[in-house]
Amino acid sequence: MYRRIILLATRNRSGISPIAEHSINITNQQETKRTSVSTCPNRQRMHYNKGVCAPNNRPFSTSTALSKENEESSAPKTGVTEAKVKEEEPRKSGKENLLDLLSAMKVGVTTKKKFQALKSQKSKEQPRVHPESMESATSMFQKATTEQQAQKESLSPELVAAASAVASSMPFKKSQTESELLQQLRKHESDTEVHKKGETNNIGNIIADMKVGKHPNARSPNRPANQIRFDDDGRGYTHDRGVVNEFDAVRRRKSLFTGKRLNIFPSTTDTTETEPKEVSVPSLWDIELAGQIAAVIKHLPRNGFEEMIQWTKDGKLWQYPINNEAGLEEESDVPFHEHVFLDSHLEDFPKQGPVRHFMELVINGLSKNPYLTVKQKMEHIEWFREYFQQKEEVLKESEAY
Amino acid sequence: MAALMLSRVVKSGFEFLQTSFRTTSLAQRCTTGNVEQVRGYYVNWRMLRDVKRRQMAFEYANDRLRMNAIRKNTILPKELQEIADKEIAAFPRDSCPVRIRNRCVMTSRPRGVKRRWRLSRIVFRHLADHNQMSGIQRAMW
């Protein structure tokens, strides 16, 4: 359902062959699970014949267009096109570098647009409508659209500029690709925000583009039982249908807070009761006093639960539900391009030679590593810088510096 | 006040003791604030040495990784790699992770240790038979 844009980065520095095929997938992990039409890039490159359709259902793809894309994408592989060679990268900030890199990349698009458009149209034509939940669904969608528009400003302007640069470098349908790229970025940001805050209330943003799933009506077997039927014992009462049907609507609601407001009680406005007190830096005496009070109050744990609470406070026990990023809250604020585009840190190294080659491999590996913080990556690079500066003489003897 | 100062002195002394012997810190405070020394021991000196090796391997892990990246390379010149060989050999011997042995946590037994529970087979069997291991049941099929 969503695009998979494979960016082939070819950086030709004279004398050194293209080092890495850098593939960045800007899809979310959720979406990759949902792609019903998943195209494997290797398979893509094999389809050179114009008449052959893949066994994958592609009713709307134009195979000529695909073959053109294949030729385009295979050309930089052979290293023939040197039209977009950058010899020197002048000292720029990371984000300007990002722009440069993106404009220098070759882009190969590998999905079917018309099929997707059809699918999205179909999904929007079939909303499941329940009479009770009609209001909430429409209001939810309205909220979703307004929030989505409001979210446009949350993307940083550099990212927007980069997206427009990429779209302008693509061969066809620039406005559509740009909008889709921006959508991807927005989704990425919203997902990270949701993940950070742990909110599940504002899922309107996320579900705005999702397919409306068909709601299997579990109550339908009860409907024929609506009719009066006589019990076998002859007592004359029907099955307990009345109770079932009355609470049907209530049961269908998944949470307590959906549904129409009755406006019986006035909504409480929480005034700012606690004025912000002036908190100065606590002195050592204050700390000592607090520690003493805590020591007096704290009793030895009476049971296993209190023991586990104490251990969790000490940090000996993990916090449940397990958070995979327990110690790394600050790291989620770091934008993704600082992890991936580390080229700007290579300024102090020589521009040619085996040292540069080595460092580019190091940076390639670091950019693919999701487990390190940006600080740790920087430390690695700095260590190498110092090391090579110390060993300058040895390197000059072997003509490597 | 005096009690506070005393407890602080005792606490600092205990910390020094800890760093020299590297025992587990189980010092607890009673209601008056005096430190009750609850000693923790490692099972034997071999376990202690293994602990030291693990700590040192953690310290030197990054350096070793970078040096090995320079050594195991076909790009950099060989003279540099030879120098890197000598440098990595100059690191303390306990800093290499190969020297770490996964001992049993309870008995410090070096062999027959299951990695998931960090226990030797004997201790594991003892605990499992007394129903202390969650989800472990005698196999029967």
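What share of the 141 residues in chain B is buried? Buried residues account for 24% of chain B, where buried means under 20% relative accessible area, exposed means over 50%, and partly exposed lies in between (1.4 Å probe, protein chains only).

This is a predicted model, in which local features need pLDDT of at least 70 and side-chain atom pairs count only at pLDDT 80 or more, while totals for chains, interfaces and linings use all residues. Residues are numbered from 1 along each chain as its sequence is written, chains are lettered from A and ligands numbered from 1 in the order in which they are written, and side-chain values use heavy atoms, with hydrogens and water left out.

**Chain B**

Chain B contains four helices and four strands, taken as DSSP runs numbered from the N terminus (helices: H or I, at least four residues; strands: E, at least two). Along the sequence these elements follow the pattern α-β-β-α-α-β-β-α. Among contacts in chain B with a separation of 6 or more, 38% join residues 24 or more positions apart; a contact means heavy atoms within 4.5 Å. The accessible surface of chain B is about 10,700 Å², and 54% of that surface belongs to carbon and sulfur atoms. Accessible areas come from the Shrake-Rupley method with a 1.4 Å probe, and for residues only the protein chains shown count as cover.

**The interface between chain A and chain B**

The size of an interface is often given as the accessible area lost when the parts come together. Here chain A and chain B bury about 1,900 Å² between them, with 71% of it on carbon and sulfur atoms; buried area is the accessible area (1.4 Å probe) lost on putting two parts together, summed over both. On the side of chain A, Phe358(A), Trp383(A) and Tyr387(A) lose the most area to chain B, together 26% of what that side buries. The contact draws on 21 residues from chain A and 21 residues from chain B.

Three residue pairs are in polar contact between the chains, both residues being at pLDDT 80 or more. A polar contact is a pair of N or O atoms within 3.5 Å; within protein, one must be able to donate a hydrogen and the other to accept it, and residues adjacent in sequence count only if both atoms are side-chain atoms. Helices H12 (284-297), H15 (354-367), H16 (374-390) and H17 (392-397) of chain A each supply at least two residues of the side that touches chain B. H16(A) gives the most, with six residues.

**Salt bridges**

Over all chains, the whole structure has eleven salt bridges, each a side-chain nitrogen of Lys or Arg within 4 Å of a carboxyl oxygen of Asp or Glu. One salt bridge is counted between chain A and chain B. This pair runs from Lys391(A), in the loop between H16 and H17 of chain A, to Glu87(B), in helix H3 (residues 78-89) of chain B. Lys391(A) is buried at 12% relative accessibility, whereas Glu87(B) is partly exposed at 26%.

| Salt bridge | N to O distance |
|---|---|
| Lys391(A) and Glu87(B) | 2.6 Å |
| Asp50(B) and Arg54(B) | 3.0 Å |
| Arg66(B) and Asp63(B) | 3.6 Å |

Asp50(B) and Arg54(B) lie four residues apart in helix H2 (residues 45-71) of chain B, about one turn of the helix. Asp50(B) is buried at 5% relative accessibility, and Arg54(B) is partly exposed at 35%. Arg66(B) and Asp63(B), also in helix H2 of chain B, are three residues apart, or about one helical turn. Arg66(B) is buried at 7%, while Asp63(B) is partly exposed at 24%. Salt bridges also link Arg53(B), Asp94(B) and Arg99(B) in a network.
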